[in-house]
Amino acid sequence: MTASLPTTALVPAGRGLATLLLVLTVFGPISMDLYLPALPALTTELAAATSTAQLTVTACLIGLAAGQLIAGPLSDRFGRRRPALIGVAAYVIVSVLCAVSPTVDTLIAARLVQGIAGGVGIVIAQAAGRDVYDGGRLIRFYGRLTVVGGFAAIVGPLLGGALTAVLDWRGLFLVLAAIGAVILGWVALRLPETLHPDARTAAGFSVIGRDLRLLFADRRFVGAVIAQGFVYAALFAYLSGATYVLQGVYGLSPQGYAAAFGLNSAGFMVFGYLAGRASETWSVLGTLVTGLAVAGLGAAGLLVAGLAHVPLIVVVVSLFLLAAGTAITSPPSTTIALADYPQMAGTASSVLGAARFAFGGVAAPLVGVAGALSILPLGLVTSVSIVLAVAAVLVFLHRPARASAGITHPATEGTPTCVE
């Protein structure tokens, strides 16, 4: 075992800082949801094919992954505050560009950059959290990130749907620009530098390459990243296919679909919170395995629904279990991936975050391969994804845990221990 590393932070953790970091982690992803209710109108106005208009969603998803890979190493080199300011400022500017885009091609390009800028917030939030928290408080913080992510998933579509009553799709992007401007002012006034100069890495691609080689040589880091990537592949498949299943196959009204989606997002929040507490007081690895088991039950239910007709309640419960299981896996996976690397938390966070969106981006289109009225592809994609996540845990995380810097249980706070 190794002793806990000294904190790399310049400032103590406070409630105001924690709140700001939680906001930073959701303002990018909410860009995925807010304008979706206006997507048909956007398609018509720009005279675009439906598949082309949907690339505006894909571009943002790719940008969210790429933005984290870019911002993570930069934040380890220059600190957290400067990249955060640049990222949020870029988000405001490019959101305005989205609003005035004359063609769908221009909008796709702008959405890519918007996603990159939004990805900066995600990686800064996770890395700055690693700067100022350790032990049980770190695990608790990552649990809160999961809760806030579920809240954003509820608020985004509902807010977008309400705003479409008074605004067109261009107005929705102006709303995103206004939200970004508020966050930019908040960051400028209230986000201190959290990474001590002595803890920053040197510049250059060789240093980034060295850090990445170190990370990928760590079995536990690789296992956490791959497992979380495949779990999020299942989640994005759900997000991509649930509307077709619930409305197209089972005939739910838009209001009924919104209620089911809200229920699952609420479950995501509740189980994300409980997972953070379970990781802190029980077992990090045990919580991860529990989450995989819950998500596996949900995926199996969807697979059964694809092979034989089942009542609507079976599908709704299966989707709920899939969302809840994803939420349960998130805090322990993040903890395993980042706990041992306070000196390169930005880089480690960027790899983990990019894996979530990259795996999800690959899985989401597969749900529609058999058309909009078939559940089987959703069941297959989610089931295979969870099976591969379990395989990653068995291959990379089955060995006894080595010491994890800074992770302590409340009963042994201040003494080194292992991630269980």
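Which two helix axes come within 8 Å, and at what angle do they cross? I looked at helix α10 (residues 219-249) and helix α15 (residues 376-396): their axes come within 8 Å and cross at roughly 170 degrees. I took axes as lines fitted to C-alpha atoms, for helices over the stretch in contact, with angles from 0 to 180 degrees between N-to-C directions. That crossing makes α10 roughly antiparallel to α15. (Over 145 degrees counts as roughly antiparallel, under 35 as roughly parallel, 65 to 115 as roughly perpendicular, and the rest as oblique.) The contact of α10 with α15 holds 19 nonpolar, three polar and two charged residues. For the classes, Ala, Val, Leu, Ile, Met, Phe, Trp, Tyr, Cys and Pro are nonpolar, Asp, Glu, Lys and Arg are charged, and the others, Gly among them, are polar.

**Ground rules**

I am reading a predicted model, where local features need pLDDT of at least 70, side-chain atom pairs count only at pLDDT 80 or more, and totals for chains, interfaces and linings use all residues. Residues are numbered from 1 along each chain as its sequence is written, and side-chain values use heavy atoms, with hydrogens and water left out.

**Whole chain**

I counted 15 helices and zero strands. Helices (H or I, at least four residues) and strands (E, at least two) are DSSP runs, numbered from the N terminus. The chain has 420 residues, and 55% of them count as buried. Buried means under 20% relative accessible area, exposed over 50%, and partly exposed in between, with a 1.4 Å probe and protein chains only. I then checked contacts, meaning heavy atoms within 4.5 Å. Among those with a separation of 6 or more, 84% join residues 24 or more positions apart.

**Second largest pocket**

I looked up the second largest pocket next. Its space is about 230 Å³. A pocket here is an open set of points on a 1 Å grid over the protein atoms alone, with protein on both sides within 12 Å along at least five of seven lines; a cavity is a set where a 1.4 Å probe fits but cannot get out, and lining residues have an atom within 4 Å of a point. Points are joined across faces, edges and corners, and the volume is the space filled by probe spheres set on them. The lining has 14 residues, and the closest to the pocket centre are Leu74, Pro83, Ile86, Gly87 and Val120. Helices α4 (50-78), α5 (81-99) and α6 (104-132) each give two or more residues to this lining. By class I found 11 nonpolar, two polar and one charged.

**Val94**

I stayed on helix α5, where Val94 lies. Is Val94 buried or exposed? Val94 is buried, because its relative accessible area is 5%. Beyond its neighbours within four places in sequence, Val94 contacts Ala110, Val113 and Gln114. I also noted Leu107, 13 residues from Val94 in sequence and 9.9 Å from it, C-alpha to C-alpha.

**Ala47**

I found Ala47 in the loop between α3 (39-45) and α4. Phi of Ala47 is near 50 degrees, a positive value in a residue other than glycine. Ala47 has 72% relative accessibility, so it counts as exposed.

Asn264 counts as buried because its relative accessibility is 3%. What does Asn264 contact, leaving aside its neighbours within four places in sequence? I listed Tyr238, Val316, Leu319, Phe320 and Ala323 for Asn264. Ala278 is partly exposed, at 23% relative accessible area. With neighbours within four places in sequence left aside, Ala278 contacts Ser283 and Thr287. The C-alpha atoms of Ala278 and Leu288 are separated by 9.9 Å, and the two are 10 residues apart along the chain.

**Ser330**

I placed Ser330 in helix α13 (residues 312-338). Ser330 counts as buried, at 5% relative accessibility. Not counting residues up to four places away in sequence, Ser330 touches Thr146, Gln228, Tyr232 and Arg356. Gly272 is 58 residues from Ser330 in sequence and 7.3 Å from it in space, C-alpha to C-alpha.

**Val289**

My last entry is Val289, found in helix α12 (residues 284-307). Val289 is partly exposed, with a relative accessible area of 43%. I checked Leu394 against Val289: they are 105 residues apart along the chain, and their C-alpha atoms are separated by 10.0 Å.
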